[in-house]
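Please read these points with the sequence and the model side by side. They go from the overall layout to single residues.

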Amino acid sequence: MWETNDLMKVAEQTLQESLQIGIAPLVESVKIVSVEAGKVNFKFKVTQKLLNTQEHLHGGVLSLLVDPLTFISAYTLFPYRGVTLSLNAKSVRGIEHEETVYATAIAVRAGKKIIFAEVHFRDADGNLLAYGGQTIYVLKEGVEWSPMNSAKWLNKQSKL
C-alpha cells in the first residue's frame, strides 16, 4: 500500500516508465492532473502524430492510451507486476486535432490476482468522447513494476 502523499510520485514514475517501452512519441503530451488511491486524472492535447486520415484521434492510439492510464490507476493501490488479460476502447465521437482531452482512470475492483480498471475520456465541457478498460492479471504483488520486469518474469513463468 502506498502512502497518500506518495501517490503523485508513484503515478508520475509509472507513466514515465510506460513511456520508455516505445510509446513515448504517441503519448508524450499526457500529463497527470491529480491522483488518489485507485483514481488518476490526466489531460493531453491531440497532436498531429495521433490522427487518422480523417483528422481525428486514431482508434489504435486510443487503445494504446487505455493501457497505461488504467494500469497507473490500479498501480496507485499497491505495487505489483501485471499483464493485460483483455483491453477495449470505444469512441463516442471523433476527437479532433488540437482538442484537449481529460481522462479519468479508475481501478474499479482489485482482487489478489485480477484487477478491473476503466478510463473515460471527456472534452473541456465534460462531454464523453471515448471510454475503455482493461482486465489485469497480477503476476506478483508487492513488487515494484517496470515494463521489463513484467516481461522477463512472465517469460520465466510461461510454460509455452
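1. Two strands count as paired if DSSP finds at least two bridges between them. Helices (H or I, at least four residues) and strands (E, at least two) are DSSP runs, numbered from the N terminus. With these terms, β5 and β6 form a hairpin with 5 residues between them, and G126 in that turn has a positive phi of about 90°.

2. A word on the source. This is a predicted model, in which local features need pLDDT of at least 70, side-chain atom pairs count only at pLDDT 80 or more, and totals for chains, interfaces and linings use all residues. Residues are numbered from 1 along each chain as its sequence is written, and side-chain values use heavy atoms, with hydrogens and water left out.

3. Overall layout. The chain holds 3 helices and 6 strands, in the sequence pattern α-β-β-α-β-β-β-β-α. Of its 160 residues, 41% are buried, where buried means under 20% relative accessible area, exposed over 50%, and partly exposed in between (1.4 Å probe, protein chains only). Among contacts (heavy atoms within 4.5 Å) with a separation of 6 or more, 67% are between residues 24 or more positions apart.

4. The sheet. The 6 strands make an open sheet in the order β1-β2-β4-β5-β6-β3, with antiparallel pairing. β1 (31–36) and β3 stand at the edges with a single partner strand each, so one side of each has no neighbour in the sheet. From one strand to the next, the twist averages 20°; axes here are lines fitted to C-alpha atoms, for helices over the stretch in contact, and angles run from 0 to 180 degrees between N-to-C directions.

5. The β1 end of the sheet. β1 and β2 are antiparallel and joined by 5 bridges; I32 has F42 as its bridge partner in β2. These two strands form a hairpin with 2 residues between them, and G38 in the turn has a positive phi of about 85°. β2 is also joined to β4 by 7 bridges, again antiparallel, with N41 facing T104 as its bridge partner in β4.

6. Strand β6 (residues 128–141) pairs with β3 in the antiparallel sense over 11 bridges, and K90 stands opposite Y131 in β6. Strand β5 (residues 114–122) is joined to β6 by 9 antiparallel bridges. There, E118 stands opposite G133 and I115 stands opposite I136.

7. What surrounds I136? This residue lies in strand β6 and counts as buried because its relative accessibility is 1%. Leaving aside neighbours within four places in sequence, its contacts include F71, A74, V83, L85 and I115. I136 and S86 are 50 residues apart in sequence but 7.3 Å apart in space, C-alpha to C-alpha.

8. Helix α2 (residues 59–75). Its 17 residues should span 24 Å at 1.5 Å a residue, and the end C-alpha atoms are 25 Å apart, which agrees; the expected span is 1.5 Å times one less than the number of residues. α2 lies across β2 (39–45), β3, β4, β5 and β6, at about 135° to β3. The helix is mostly covered, with 12 of its 17 residues buried, among them L65, L69, F71 and A74.

9. The cores. A nonpolar core is a set of buried Ala, Val, Leu, Ile, Met, Phe, Trp, Tyr and Cys residues joined through side-chain atoms within 4.5 Å. The largest has 25 residues, of which F42, V46, L69 and F121 touch the most other members. α2 gives this core its largest share, 6 residues. A second, separate core of 11 residues includes A74, Y75, A107 and V138.

10. Is E99 buried or exposed? E99 sits in the loop between β3 (80–91) and β4 (100–110). At 13% relative accessibility, E99 counts as buried. Not counting residues up to four places away in sequence, E99 touches F44, K45, V46, R93, G94, D123 and L129.
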